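Me: I'd like to go through this one and ask what the labels rest on. Can you take my questions as they come?

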Amino acid sequence: MRSYRELFRTREFTPFFLGSAAQGAALTIGGLALATLVYRATDSPLLSAVSMFGPQLAQMLGATFLLSAADRLPPRAALSGIALAFAVCAAVQALPGLPLGAAFGVVFVQGLVSSLGGGVSGGLLNEILPKGGFVLGRSVFNMVFGLVQIVGFATGGALLAVLSPRVCLLLAAALYALASLVLRLGLTARPPRAAGRPSVAETWRTNALLWSSRPRRLAYLGMWLPNGLIVGCESLYVSYDPGAAGALFACAALGMFAGDLTVGRLVPPALRPRLPIPLLTLLATPYLLFALRPGLPWSALAVCVASVGFGATLAQQERLMALTPDELAGHALGLRGAGMLAMQGVAAAVAGTVAQLTTPATAMTCMALASLTITLALATAHRRTPESAAVTQGGG
């Protein structure tokens, strides 16, 4: 499968695509609104960053205890239920007078709920599309999410200029509810991919199996660490330049869209395995410019160019699927998503702490240097991994 026409002719792909797009729009508008609300109330870069990326901090906890449910729940019910739960969370965050501690409690709940979302949606996409269509389908999802972020952050910034953050949170809740309805009506009722009841013990057993293979470990670390640290840079946009944060997020999303389009549609499959390290290097290098504290348009250009590097994720996911048995696809992708988002949350907290002690520009530069260092270490580790091990699908 090499064309978008074939992709959208695949049954269930369009409603899945539309529901995910609505959910992405809600995430961007609601996240920017909550970060702005917290920053106005506290004047704290740390709390602003954690409010926007805090749900990710709960992702690893969910992956540790709940992820076995990703392959053991009916996909349609799980996805529509997750979107509905997000709608409730956004509506609660919009309540006037909600204490800051309660708002962060809701952020934590969101993270736990969303820890299942990546595994369920990734596993369902793997079922809906033929084997050769996964990367193209994943790239379309990533590109659409990038476009939704561009529109969502730009729209969110414009809305925040005329409306209160709480009204924007209510708009996000409505979009989440719409996504839940589209997924419920558009997807076919499918049985779970794996038998048995979800349990903590099963989650730990499968996590251990996935982690037991050195090539899979390197794949996971490559998807979690370098880009997680750069998301730490993104978490400081509001405190770096409050008036231009929406523009910076939109430019970052534009760069991500360009990277996903290039890797998913234009790069030949034989070349994709060579791309992750160069793209991860590109992802971090432009953020070194923030040591000079650039203003617009240079800061916007830097984040746009850097975000092209997020296209590495597509090649990394393709590699992970080649290394994973089909019956564990949902769990494997869920662990990827939960670990990646957890790292993003940790990086946001670290970046916010460094910014609190220094400046947002200094913190962004430090996070970029850390990302480059880890990318170099991963490149060295990959060279030392035998090619025969890299194509083994089992647990060894």
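Predicted model: local features only at pLDDT ≥ 70, side-chain atom pairs only at ≥ 80, totals over all residues.

Me: Why is Asp-260 called buried?

Reply: Its relative accessible area is 1%, and buried means under 20%, so Asp-260 counts as buried. Asp-260 is found in helix H13, residues 245-266.

Me: How much of the chain is buried, and what is the chain built from?

Reply: Buried residues make up 57% of the 396 residues. The chain has 19 helices and zero strands. As for contacts between residues at least 6 apart in sequence, 86% join residues at least 24 apart.

Me: What makes a set of residues a nonpolar core?

Reply: They have to be buried residues of the nonpolar kinds, joined through side-chain atoms within 4.5 Å. The largest such core here has 55 residues, and those with the most contacts inside it are Ile-230, Tyr-237, Val-238, Tyr-287, Phe-290, Val-303 and Met-364. Helix H2 (residues 13-42) gives the most to this core, with eight residues. Apart from it lies another core, of 21 residues, with Ala-25, Val-120, Ile-128 and Leu-136 among them.

Me: Which residues does Phe-290 touch?

Reply: Beyond four places in sequence, Phe-290 touches Tyr-240, Ser-299, Ala-302, Val-303, Ala-361, Met-364 and Thr-365.

Me: How do you know whether H5 and H6 are roughly parallel or roughly antiparallel?

Reply: H5 (residues 75-93) and H6 (residues 100-114) pack at an angle of about 170°, with their axes 10 Å apart. Angles over 145 degrees count as roughly antiparallel, so H5 is roughly antiparallel to H6. On the H5 side the contact includes Ile-82, Phe-86 and Val-92, and on the H6 side it includes Val-106, Gln-110 and Val-113. The residues of this contact divide into 10 nonpolar, three polar and no charged.

Me: And what makes H11 roughly antiparallel to H16?

Reply: The angle between H11 (residues 214-234) and H16 (residues 312-322) is about 160°, and their axes are 10 Å apart. With the cut-off at over 145 degrees, H11 is therefore roughly antiparallel to H16. H11 passes H16 in a left-handed crossing. Among the residues that meet are Pro-215, Tyr-220 and Met-223 in H11, and Thr-313, Gln-316 and Leu-320 in H16. The residues of the contact of H11 with H16 divide into four nonpolar, five polar and two charged.

Me: Where is the cis peptide bond?

Reply: From Leu-296 to Pro-297, with omega near 5°. Pro-297 lies in the loop between helix H14 (276-284) and helix H15 (298-307).

Terms used. Residues numbered from 1 in each chain as written. Heavy atoms only, no water. Buried < 20%, exposed > 50% of the residue type's maximum accessible area, 1.4 Å probe, protein only. Helix = DSSP H or I, 4+ residues; strand = E, 2+ residues; numbered from the N terminus. Contact = heavy atoms within 4.5 Å. Axes fitted to C-alpha atoms, helices over the stretch in contact; angles between N-to-C directions. Parallel < 35°, antiparallel > 145°, perpendicular 65-115°, else oblique. Left-handed = near helix turned anticlockwise from the far one by under 90°. Nonpolar A, V, L, I, M, F, W, Y, C, P; charged D, E, K, R; others polar.
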